[in-house]
Amino acid sequence: MSASDQALIERIIARDESALAAVYDRYAGMLSSVLNRILRDSQAAEEILQDIFFQLWRMPAQFDASRGSLAGWLAVIARHRAISRLRRHNPAAGEELLENTIVLPFNLESIVAQQQLLTRVKGALDGLPKEQRAAVEFAYFEGMTHSEIARRTGDPLGTVKTRLRSAVETLKRNLHP
Amino acid sequence: MNQMNNHPTREEDFDLYALGALEGDEKLAIESHISGCANCARKLAEAQGRISLLAFAAPQSEPSPLVKERLMAQIHASRESAAAPARAPRASGSASVGGLFGRWWAAVLVPVGAALAIATIVLWNQKVQLDRQLAEMHATIEQQQAQLDEARDMAHLFEAKDTITVALAPKQGTPPSSAHVMYNAKMGMLMYDGKLDPTPADKSYQLWLVPMSGDPINAGVFNPVAGQPNHWMMKLPPGTLPKAFAITLEPAGGMPHPTGPMVLVGAVS
């Protein structure tokens, strides 16, 4: 049976390189997908991917498994880094490693579980009305705020707010474990 | 944002915050509130988790194996350079020598020890640099090997007697463009070559293999550059027999199923 995320983090803290390699194998695909989708630049995506795992190696104790999910935490960091790069904002090194606790009610430690969740998330997004889905994608993958989405789409700000609110309500319902 | 005792009363506010959609006062209100409210901080952590799942909506892509190699080389180099300074104090820690051999010897040995420590650090840095260069050369070789493999795959595709070539023609009402696909079902290998206008910033082209039965299979998402030919290879599950290939215009990054207008299509004869 493969080791849990928590066990791997403990081994990384004990400076076990093979544990970091195992975490990489587990989550690099997921992170690479989101980085490439946001940046559309595979070289930049790979630089950030390498840097995220190098930071995890340097500061593994920043992640406290009792407070959240490693998969969610890494996904938040990857998105944050990619959007910062997209917007030419460079956060101080390690800044984002300190900030978030992520509670994820799914165990993503196996590739099978990740594939099942991938199907479910795509299904939940496909189920949204087209404009709601587009608004969610503008916010998540391009880091746009309500006003920025309104400017991009030409829709009134109130309409955009309502769309996004309805979208997150629906996603919350459909992604409930 | 509706609030009661400063608590956000609508739970979606946490999701909207995690999504990064809130701005100005709405954003500040959440930030200033959660720092002092454990209950709302927990709700925000849950919302962050929910929103992080949207990472799975991105089209799947695997990083190059070189990334992992570079990462492990970087870790290795960082461990070695971290170990280096630990040796320096030992080399320069010759104060006790003074007690044994007198101040004169200490006056000689301390500078010698310091020089040795400096030399050790310099040599160590050189070693780290050489390790890095070696890792880079290794990465280059891997890259060249990957290019060679691709060229070999391409040669196999061209040589194989059961490789089919399908010309894709523009749909009526779309700009003139052309492309063709070479495909070998047994090898599961596909090569696209075409000339299409660049997509709008929020769109990508997506090539689909339309099988004899079942849903179209994603065969590549691409954004051509103006005036440049575009060709690439793609591996698909072997044994899939196509009845057609088609290119649609999709939201940037591609979709799991075709949703946009068809730009080019070609039936397998």
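This report walks through a few salt bridges in the structure above.

The model is predicted, so to speak of local features a pLDDT of at least 70 is needed, side-chain atom pairs count only at pLDDT 80 or more, and totals for chains, interfaces and linings use all residues. Residues are numbered from 1 along each chain as its sequence is written, chains are lettered from A in the order in which they are written, and side-chain values use heavy atoms, leaving out hydrogens and water.

Over all chains, the structure holds 20 salt bridges (a side-chain nitrogen of Lys or Arg within 4 Å of a carboxyl oxygen of Asp or Glu).

| Salt bridge | N to O distance |
|---|---|
| Asp25(A) and Lys68(B) | 2.8 Å |
| Arg133(A) and Asp126(A) | 2.4 Å |
| Asp13(B) and Arg165(A) | 2.9 Å |

Let us start with Asp25(A) and Lys68(B), which form a salt bridge. This pair crosses between chains, linking helix 2 (residues 17-39) of chain A to helix 4 (residues 65-92) of chain B; helices are DSSP runs of H or I with at least four residues, numbered from the N terminus. Asp25(A) is partly exposed at 46% relative accessible area, and Lys68(B) is partly exposed at 23%. Buried means under 20% relative accessible area, exposed over 50%, and partly exposed in between (1.4 Å probe, protein chains only).

Finally, Asp13(B) pairs with Arg165(A). The pair crosses from helix 1 (residues 12-19) of chain B to helix 8 (residues 157-174) of chain A. Both residues, Asp13(B) and Arg165(A), are buried. Shared partners join Arg165(A), Arg10(B), Glu12(B) and Asp13(B) into one salt-bridge network.

Technical notes: Helices (H or I, at least four residues) and strands (E, at least two) are DSSP runs, numbered from the N terminus.
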